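Reader: Hi! Could you walk me through the charged side chains in this one?
Author: Happy to. Here it is.

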Amino acid sequence: METEGLMDIQDVATFLKISAGTLYHWVSERRGPPYVRLSGGCLRWRRSDVNAWVAERVEKPEQMQRRRRTKSLVAEIASNEEKGAPMLQAEQAGITGGAAEEVRVWLLKAPEEE
């Protein structure tokens, strides 16, 4: 394995503009960029893996548009629910595929987050 371009936790945290604690949390949840575990539990990240991980998360315009539409629909559904209107299923509102699951997730999370 190449050793050039290895980053420690502080390097990665600084690069991603997050705290080292957040990065440790991601590691414990098996999230974030892939890492290499060296002896003694020492973690290192290959610069190329971190760059690839970031590149995978770039949202395309159509993804951003879908996310805005989902948020708007969630707000509308929540507003209608407060007024006592019957709640529509995502499919009844014309939302299908992965977006339908996003609406359900947003419905569960919306009150706490907004």
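**Salt bridges and exposure**

Author: Let me start with E56, which counts as exposed at 60% relative accessibility. Keep in mind that this is a predicted model.

Reader: Okay, so which residue does E56 form a salt bridge with?
Author: That would be R57, and the closest N and O atoms of the two are 3.3 Å apart.

Reader: And is R57 buried, partly exposed or exposed?
Author: R57 is partly exposed, with a relative accessible area of 44%.

Reader: Nice. How many salt bridges does the structure hold?
Author: There are 3. Another one joins the side chains of E29 and R31, at 2.8 Å from N to O.

Reader: How accessible are those two, E29 and R31?
Author: E29 has a relative accessible area of 38%, so it is partly exposed. R31 is partly exposed too, at 42%.

Reader: Switching over to D49, what does its side chain meet in a salt bridge?
Author: The side chain of R46, with 2.9 Å between N and O.

Reader: Is D49 buried or exposed?
Author: D49 counts as buried, its relative accessibility being 18%.

Reader: Why does 18% count as buried for D49?
Author: Because buried means under 20% relative accessible area, and D49 is at 18%.

Methods
Residues numbered from 1 in each chain as written. Predicted model: local features only at pLDDT ≥ 70, side-chain atom pairs only at ≥ 80, totals over all residues. Heavy atoms only, no water. Salt bridge = Lys/Arg side-chain N within 4 Å of Asp/Glu carboxyl O. Buried < 20%, exposed > 50% of the residue type's maximum accessible area, 1.4 Å probe, protein only.
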